Amino acid sequence: ATFNDGKRAKLKQIWCMSHGGSDQPDVLWLGTEPGGLFKSIDGGESCLLVKSLWTHPSRQKEGQWFGAGSDQPFIHSIEIDPRDSNHLYIAVSCAGVFETRDGGHSWAVRNRGLVATYLPNPNVEVGHDPHRVLISSSTPDVLWQQNHCGIFYSKDQGASWQDVSVRGGVPYYGFALAVDEDDPAKAWVIPVESDEQRIAPSLQLQIFKTENWGEDWAENNEGLPEEPTFDIVLRHSFAKLKGLLIFGTTNGNLYYRDQTNAPWKLLNNSLTKVNSVQVIVV
């Protein structure tokens, strides 16, 4: 594959991987930098570039796909509709959210309602920077995203997005996001001070939860350290499954709580930077 300028593309990093769905046991999707989506139909033995996304018309226009802290755009979120494995969403930094309903043969832009305050036109169709996108497992018409420019949700399969972030405060900027499996109105975020200062707000680890679609946000910090910290939590380092919430930090600390309102507990403090956390039921 080549870029628009004719230069050959080289894989720099695999940002995410997603199973194809319960009815597609041998399918894997991989999101990469420089913005290539790959699909395997043989359990990872071989992978093919999804050319329909690589050559999407939006990518042929200068300034619509670009790197966010990297030289090239990268695909970091792949979300499969549990009702239909051919229906999935991907998120690109920077470009935005794209949807396919035919297993990757065609793609639609799903960025209406998002803002890109770092661009001359903040309401561009393509050029947005979602940091993390998640689909509600119980109500798959609902999507949440932690964006570079706030927190958003969609109730209409990504056709439009609602801004529910707190301007001038927290929660607003960050990377980590979790959504309740049973109640799509419930979500958690772990804020970062700002784009310019990528530290914990006021040097305090803070977890915010909403139970009403972001109308209100409440702190959930009991058990977290009160002393100043330089930990932040990256986009794949926060996970929720049933009663368990768990996150890992850039300084190698791993915290969890096993009940909805229980205090946070330190599980490990001697890890390297935590890039990803997954909860698996055995």
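Predicted model: local features only at pLDDT ≥ 70, side-chain atom pairs only at ≥ 80, totals over all residues.
Is Asp81 buried or exposed?

Residues are numbered from 1 along each chain as its sequence is written, and side-chain values use heavy atoms, with hydrogens and water left out.

Back to Asp81. Asp81 counts as buried, because its relative accessibility is 3%. Buried means under 20% relative accessible area, exposed means over 50%, and partly exposed is in between, with a 1.4 Å probe and protein chains only.

Now, salt bridges. A salt bridge is a side-chain nitrogen of Lys or Arg within 4 Å of a carboxyl oxygen of Asp or Glu. The structure has nine of them. Asp81 pairs with Arg83, at 2.9 Å from N to O. Arg83 also pairs with Asp141, again at 2.9 Å, N to O. Strands (E, at least two residues) are DSSP runs, numbered from the N terminus. Asp141 is partly exposed, at 28% relative accessibility. Put together, Asp81, Arg83 and Asp141 form a network of salt bridges.

Another bridge joins Glu99 and Arg101, with the closest N and O atoms 3.2 Å apart. Glu99 is buried, at 3%. Arg101 is partly exposed, at 46%.

Next, Ser136. Ser136 is in the loop between strand E9 (130-135) and strand E10 (143-147). Ser136 is buried, at 1% relative accessibility. Leaving aside residues up to four places away in sequence, Ser136 touches Val142 and Pro184. Contact here means heavy atoms within 4.5 Å.

On to the cysteines. How many disulfides are there? A disulfide is a pair of cysteine sulfur atoms within 2.5 Å. By this rule there are zero. Take Cys16: the closest cysteine sulfur, in Cys47, is 12 Å from its own, too far for a bond. Cys149 is in no disulfide either, as the nearest cysteine sulfur, that of Cys94, is 8.7 Å away. Cys16 is buried at 10%, and Cys149 is buried at 1%.

Last, pockets. On a 1 Å grid over the protein atoms alone, a pocket is an open set of points where a 1.4 Å probe fits, with protein on both sides within 12 Å along at least five of seven lines; lining residues have an atom within 4 Å of a point. Volume is the space filled by probe spheres set on the points, and points are joined across faces, edges and corners.

The largest pocket has a volume of about 1,200 Å³. It is lined by 40 residues, and the closest to its centre are Ile78, Glu79, Arg132, Leu134 and Gln278. Strands that each supply at least two lining residues include E5, E6 and E9. The lining divides into 18 nonpolar, twelve polar and ten charged residues. Nonpolar covers Ala, Val, Leu, Ile, Met, Phe, Trp, Tyr, Cys and Pro; charged covers Asp, Glu, Lys and Arg; the others, Gly among them, are polar.

The second largest pocket has a volume of about 500 Å³. Of its 24 lining residues, the closest to the centre are Trp15, Phe74, Phe175, Arg198 and Arg235. Its lining holds ten nonpolar, nine polar and five charged residues.

Notes:
Helix = DSSP H or I, 4+ residues; strand = E, 2+ residues; numbered from the N terminus.
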